[in-house]
Amino acid sequence: MKYTIDKQEKYSLLHLHEEKLDSSVAPNLKSELITLHAEGVRNIILDLSEVKYTDSSGLSALLVGNRIVQEDGGIFVLASLSEHTTKLIKISQLDSVLNILPKVEEAIDAVFMHEIEKDLKDSEGN
């Protein structure tokens with residue numbers, strides 16, 4: 001699996017350099033997301049701008065990423081999805097479960113908004 005990771009203070013941006021997110025890539029993506037989470041990364045942005053095709057195993061990897069990050073109070077954002085991947089997510093009715101934004105910049109904004117909201121909730125709870 002070809003990818004790059006840009007680790008920032010509040011999030012990590014994983015850019016997948018693959019045309020297909022299928023059964024040959026999905027297991028590696030899952031383990032990379034789990035590893036990032038284990039390293040303490042709470043917010044993950046997945047840039048899928050190069051992915052043209054996704055299958056059910058690819059969706060499964062996205063759901064694993066979403067679940068592990070949300071369990072820890074973080075946010076998992078998908079950015080720059082192809083038309084095919086967007087259609088598959090909608091058909092699977094996962095568009096209500098996954099955070100999807102058109103651009104990486106918007107995904108970064110979403111992470112910061114999530115962190116601000118989380119900080120506000122934490123301070124109200126004290």
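K118 and D122 are separated by about one helical turn because they sit 4 residues apart in helix α4. Their side chains meet in a salt bridge (3.7 Å, N to O), where a salt bridge is a side-chain nitrogen of Lys or Arg within 4 Å of a carboxyl oxygen of Asp or Glu. This is a predicted model, in which local features need pLDDT of at least 70 and side-chain atom pairs count only at pLDDT 80 or more, while totals for chains, interfaces and linings use all residues. Residues are numbered from 1 along each chain as its sequence is written, and side-chain values use heavy atoms, with hydrogens and water left out.

**Salt bridges**

- K118 is partly exposed at a relative accessible area of 22%, and D122 is partly exposed at 40%. The classes are buried for under 20% relative accessible area, exposed for over 50%, and partly exposed in between (1.4 Å probe, protein chains only).
- As background, side chains of opposite charge can pair when their charged atoms come close.
- In helix α2 (residues 56-71), E71 and R67 lie 4 residues apart, about one turn of the helix. Helices (H or I, at least four residues) and strands (E, at least two) are DSSP runs, numbered from the N terminus.
- The side chains of E71 and R67 form a salt bridge at 3.5 Å, N to O. E71 is exposed, with a relative accessible area of 60%, and R67 is partly exposed, with 44%.
- Helix α3 (residues 83-91) holds E83 and K87, again 4 residues apart, or about one turn of the helix. Their side chains meet in a salt bridge of 3.5 Å, N to O.
- E83 counts as exposed because its relative accessibility is 59%, and K87 counts as partly exposed because its value is 49%.

**The sheet**

- An open sheet is formed by 5 strands in the order β1-β2-β4-β6-β7, with mixed pairing. Two strands pair if DSSP finds at least two bridges between them.
- The edges are β1 (3-7) and β7 (99-101), each of which pairs on one side only.
- On average, neighbouring strands of this sheet are turned by 20° against each other, direction ignored. Axes here are lines fitted to C-alpha atoms, for helices over the stretch in contact, and angles run from 0 to 180 degrees between N-to-C directions.
- β1 pairs with strand β2 (residues 12-16) in the antiparallel sense over 5 bridges. Y3 has L16 in β2 as its bridge partner.
- β2 and β4 run parallel and are joined by 4 bridges. Here the bridge partner of L14 is L46 in β4.
- β4 also pairs with β6, in the parallel sense over 4 bridges. On that side, L46 stands opposite L78 in β6.
- Which way do the side chains of strand β4 (residues 44-47) point? I44 and L46 point one way and I45 and D47 the other way, and all are buried.

**Loop residues with positive phi**

- S80 has a phi near 60°, a positive value in a residue other than glycine. S80 is found in the loop between β6 (76-79) and α3.
- Is S80 buried or exposed? S80 counts as buried because its relative accessibility is 18%.
- Q93 likewise has a positive phi near 60° and is a residue other than glycine. Its place is the loop between α3 and β7, and Q93 is exposed, with a relative accessible area of 61%.

**A nonpolar patch**

- M113, I116 and L120 make a nonpolar surface patch of about 290 Å². Patches are made of residues with over 30% relative accessible area and no salt bridge: like charges are joined within 9 Å, and nonpolar side chains (Val, Leu, Ile, Met, Phe, Trp, Tyr) within 5 Å.
- Accessible areas come from the Shrake-Rupley method with a 1.4 Å probe, and for residues only the protein chains shown count as cover.
- I116 lies in helix α4 (residues 104-125) and counts as partly exposed because its relative accessibility is 47%.

**The UniProt record**

- In an unreviewed entry, UniProt lists residues 21-111 as "domain: STAS". UniProt positions are given in the numbering used here, feature names are shortened, and annotations may be inferred rather than shown by experiment.
- Over residues 21-111, the chain is 51% helix and 15% strand, and the end C-alpha atoms are 24 Å apart.
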